[in-house]
Amino acid sequence: MNRIIALLILALVWGSATVSAQPGDLVPQALNQHALVASDPSFMPPGGLTVECWIYYDPVNSPWGATYPTMVRNSNINHPYIFRVNNMNGKLQFGVATNVGNYTGFDSTVNVPFQTWVHVAATWDGATMRIYLDGQVVGQKPKIGTMSMNTQDIYLGGGPTGMETWLGRIDELRIWDHARSQNQIIAAMHAKLDGSPGLIAAWHFDGDFLDLTGGHDAQPQNGLMTLPSTSPISTLSVVVPQYAPIGQTLTFQLKGAPPFSPYFFDNSFDGYANGIPLIAPLIGVFPLDPPLLNLQYGAAAPGVFVDYMGITDANGEAVASFAVPDWDILIGLELSSAWLYLTSLQPMVLGETSPIGTTILQGTAPTISAVMPAQSPLAGNWPIAITGQNFRPGAVARFGGRLASNHVVHSPTLLSCRTPAGLATGPVVVEVENLDDTTAIAPAAFNYVPDLLLSQVSPLFASPGDQVTLSGGGFLGSTTLSVGGQATPIDSGNPTQLQFTMPAVSGCHLAVVVANPDGQSAGLLMNPGPFVATVIGNSGPWFGGTTFEIYGNGFSSQAQVTVDGAAATVLVAASTYLKVVSPPGIVGPALVEIINPDGCTATTSFYYGY
């Protein structure tokens, strides 16, 4: 995204800067100190997960030397998920247990820095696990399935054994019920969050182990305490929307100031400029540089980009907002927001500055009107056309949360792709997501059906009027059947078996083909022609009586065998094996012919001697 526009919110605070409880960190100081959270089904979201926190990894000053210092883990047996450091190689380690393949864990590609604060996150979206370090992907691994369930407690800062006691400090530990995107992780890593959509729990460790989001308060074990924080998390915060549509009002929430504090809302370019000096007697610099947006865009949008002041309420909070012009050129731009206070000391200096929040401007959200066809086999790779509105170049589709392939945006109203493999049969949600993260959602707009397949036809050889059974899967009530190219009624059936009466067709290698309305078809051969692979004992005296064996395939149980035109005695007849007694013949080579009742034949040889 283009980081072009930045927002600055200034709060002029004439008083104490103490606006909240003392910030703190979770800091084990002895072996086996950790916190426990009572198990709850919400901690086991079936199709997605994010675990994130700030860590200060300090194995040097933690004498217990844990092998796997753990930030969080769910359960003490068959852990559905665990996020920790592998102290044997110094890398982050993340694992998830699902109903497919049980537990899978892997290490990051880079080491965790010693004795420095870093932000770490681990996500799983039902298909792929990823590890982030300071917002950057440092490892990923496929993992398909639904998360395993258990009734065990959640461990924070350790595990059921001392070898998992955390080494160092942990702050702002959060668990979400979905896989957060990289942009979402970066945008919120410096903020304190409570009550955000999808946030299962958030522990700030500000002198306690409370979860103000979901009420999942932790209980410290074995003397675990919080200590005054050294993490980068500020007592001040600005709550910003991750995304905001153009043409609408963009709203910010300011938190952490004393009551009734004046603040100033300013829009300007380049959120990371050095700033300009404050006017005396103030000392310091504004963190953002003019020119102001109203100077840049004021003529084009009068009254839109303007500066104004306000006063926080009795809780030290305020709402600031402005209207974003409906300009396509703004789509994808990233806004930065922050605010600061000034102390009342003489000479006055800049106080604490809040972390920067970011907002990405988006275009009009796409919509979905139809998905054609509306179903496909569970195996996926089926061609699909999606119609709707506002599809932009680079848009992608997801079926049941799984990414499709072969995307082509033909126009703002048409997108084609191929379906991913489904996890289970039944309806799934269809999503179309533009590059600016606007998304269209169509619940239950698509249906995965069982893959159509044929595994067996019985009997393999049949005459007109015989009853035949087909075995396989994915048969529907509307499945059709043909035998030897002739449409044939289905007498009865279910999803795994069909019965029909052999029609009046004959010949070798008859194709039996079933087809479903969704375009799937499958076939097998019946009445196959015989095939000879090898013959054992195919020589004997001219007066006959020699027993020999023929191995191959496609032999009928009523197959006849002749040697130079004379009928041989068939002792055993199976689909892959014939046991035959030679008739009398003439000294020399002789032609052996296997004849099935349908007239299909195969040949081999016999040698008559004296």
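**Note on a surface patch and a buried core**

1. Y607 is partly exposed, with a relative accessible area of 44%; partly exposed means between the buried range, under 20%, and the exposed range, over 50%, with a 1.4 Å probe and protein chains only. The model is predicted, so local features need pLDDT of at least 70 and side-chain atom pairs count only at pLDDT 80 or more, while totals for chains, interfaces and linings use all residues. Residues are numbered from 1 along each chain as its sequence is written, and side-chain values use heavy atoms, leaving out hydrogens and water.

2. Y607 belongs to strand β52, residues 601–609 (strands are DSSP runs of E, at least two residues, numbered from the N terminus). Together with W542, F543, V587 and Y610, Y607 makes a nonpolar surface patch of about 640 Å². Such a patch joins nonpolar side chains within 5 Å, from residues with over 30% relative accessible area and no salt bridge (a side-chain nitrogen of Lys or Arg within 4 Å of a carboxyl oxygen of Asp or Glu).

3. T70, in strand β5 (residues 70–74), is buried, with a relative accessible area of 0%. The T70 side chain reaches the backbone oxygen of Y68 at 2.8 Å. Beyond four places in sequence, T70 is in contact (heavy atoms within 4.5 Å) with residues including I82, F83 and W166.

4. F83 is also one of the residues touching the most other members of the largest nonpolar core, which has 45 residues. Strand β4, residues 49–57, gives this core its largest share, 5 residues. A nonpolar core is a set of buried Ala, Val, Leu, Ile, Met, Phe, Trp, Tyr and Cys residues joined through side-chain atoms within 4.5 Å.

How values were computed:
Patches are made of residues with over 30% relative accessible area and no salt bridge: like charges are joined within 9 Å, nonpolar side chains (Val, Leu, Ile, Met, Phe, Trp, Tyr) within 5 Å. Accessible areas come from the Shrake-Rupley method with a 1.4 Å probe; for residues, only the protein chains shown count as cover. Helices (H or I, at least four residues) and strands (E, at least two) are DSSP runs, numbered from the N terminus. A polar contact is a pair of N or O atoms within 3.5 Å; within protein, one must be able to donate a hydrogen and the other to accept it, and residues adjacent in sequence count only if both atoms are side-chain atoms.
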